[in-house]
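Hello,

Here is the structure for you to look over. My notes follow below it.

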Amino acid sequence: MDGSQPPMLPVNAQRRCPICGKPNWCLLAPDGKTAICPRTAEGAIKRAGDAGWFHIVDPDRVIPLLAPAFKPQNTVKVDFQRLSDIRRERAEPRLHDLARNLGVSVDALRRLKVGYNDFDKTYTFPERDGQGKIIGILLRYRSGPKKRIRGSKSGLSYADAWDNGSGPVLLVEGPSDTAALMTLGCNAIGRPSNRGGYAHLADLLSGFPNDRNIIVLGDSDCKLDGFWPGKEGAIQTASEVSKRLERTVYWALPPDGVKDARAWLNEHGGDNPTSMRDCFMEGLRLQEITPPPVIRSFVPFQEPISLGTYRQEMLKRRLLSLDRPGIYLDRSMTGSGKSAIDYRVVLNLFGRTEEVA
Ligand SMILES: [Zn+2]
């Protein structure tokens with residue numbers, strides 16, 4: 001036996017000796033082509049020391065060692081950016097078909113970097129984090145639950161230039177609805193499902209101007225038992241994003257009682273969908289979600305000050321709080337003069353101005 005070959009392995013019940021047929025004592029090469037059998041001398045090539053007789057195994061009886069079973073890993077590293085680029089090339093000749101099928105524009109699908117997988121004949125949609133990085137790929141099957149390529153994280157569907165610089169942004173369910181709103185000329189971002197993606201949304205929208213609305217659009221998918229995942233998800237998403245961005249966020253359902261933005265577009269879009277954008281926007285009944293108050297202590301620790309100075313400061317802050325949103329919280333201790341300050345603030349409201357230090 002050549003010393004460079006892998007060592008022979010003991011036989012067992014699953015991999016018996018091909019010479020004597022027993023499950024013990026004998027040795028078998030990993031490729032199954034040679035064996036050392038201590039029981040059978042007949043047909044052997046040579047004696048293999050004390051181990052037995054060295055045999056060349058009849059090709060019909062060769063049992064190669066099975067490769068170890070593939071163990072799925074939780075941490076699959078996939079270059080989704082590269083994979084997405086490959087898929088996009090495959091999708092290009094098919095985009096018109098998909099656009100016609102969904103009733104959205106080819107341009108919207110192209111901007112969302114829609115891909116195609118030849119293997120299972122599926123369109124794919126990349127999902128991105130709040131920084132624009134592609135972190136997963138969603139597979140579009142005609143029915144059944146949503147599936148993603150292994151190793152994918154769920155993220156947002158949006159174009160590089162998702163913000164055209166004016167009007168609100170609509171946070172809608174999934175890439176098809178995002179494409180529908182883009183076809184209408186809206187600023188749209190697709191959420192991974194009826195809820196979720198809050199951190200990515202907050203990241204992406206952190207610089208979105210305060211004078212333009214953020215609107216979460218839920219699906220009108222009310223179930224017979226009254227359960228309404230689209231609406232409930234929209235309310236939760238608006239609350240979460242509002243809390244994270246510390247600003248007002250709205251939620252709404254699609255106009256005219258249709259199921260979603262794509263259904264509306266398919267019904268009303270016509271040949272010039274961008275002219276229908278205002279119609280769509282006017283049909284939304286916006287519900288406001290305001291962020292919960294954030295309590296910040298002014299100063300964690302201060303040098304002791306006199307009660308007079310303290311009251312001056314209390315009055316000044318109380319007056320400053322009057323025209324501002326949020327809750328004014330005064331945790332001054334009993335006897336520090338809160339009632340007196342309230343009285344002076346009321347006087348101030350009725351035009352009896354006070355000197356404010
Ligand atoms: Zn044997």
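**What I found**

The face of helix 1 turned away from its buried side carries two exposed residues, Arg82 and Glu89. Helices (H or I, at least four residues) and strands (E, at least two) are DSSP runs, numbered from the N terminus.

Two points on the source. This is a predicted model, where local features need pLDDT of at least 70, side-chain atom pairs count only at pLDDT 80 or more, and totals for chains, interfaces and linings use all residues. Residues are numbered from 1 along each chain as its sequence is written.

**Domains**

The domain assignment of the protein chain gives domain 1 (9-61), domain 2 (80-289) and domain 3 (294-357). Such bounds come from an automatic or database domain assignment. The centres of domain 1 and domain 2, taken over C-alpha atoms, are 64 Å apart.

**Helix 1**

Helix 1 covers residues 80-91, 12 residues in total. From first C-alpha to last it reaches 16 Å, close to the 16 Å expected at 1.5 Å a residue. The expected span is 1.5 Å times one less than the number of residues.

Phe80, Leu83, Ser84, Arg87 and Ala91 are buried in helix 1. Why do they share a side of helix 1? They cover an arc of only 100° around the axis, which puts them on the same side. The arc is that of the directions from the helix axis to the C-beta atoms. An α-helix has 3.6 residues a turn, so residues three or four places apart point the same way.

What do the buried residues of helix 1 pack against? Their partners are helix 2 (95-102), strand 6 (115-117), strand 7 (122-128) and strand 8 (134-140). Contact here means C-beta atoms, placed from the backbone, within 7 Å.

Two strands pair if DSSP finds at least two bridges between them. Strand 6 and strand 7 have three, in the antiparallel sense. Asn117 has Thr122 in strand 7 as its bridge partner.

**Ser157**

Ser157 sits in the loop between strand 9 (147-148) and strand 10 (169-173). Ser157 counts as buried because it has 27 C-beta neighbours inside 10 Å. Leaving aside neighbours within four places in sequence, its contacts include Leu112, Phe125, Glu127 and Gly190.

Strand 2 (residues 27-28) and strand 3 (residues 34-37) pair over two bridges. Leu28 stands opposite Ala35. The two strands form a hairpin with five residues between them, and Gly32 in the turn has a positive phi of about 80°.

Four bridges join strand 3 to strand 5 (residues 52-56), antiparallel. Thr34 stands opposite Ile56. Strand 3 is covered on both faces: Thr34 and Ile36 are buried on one side, Ala35 and Cys37 on the other.

Best regards

Terms used: Buried ≥ 20, exposed ≤ 12 C-beta atoms within 10 Å, placed from the backbone. Contact = placed C-beta atoms within 7 Å.
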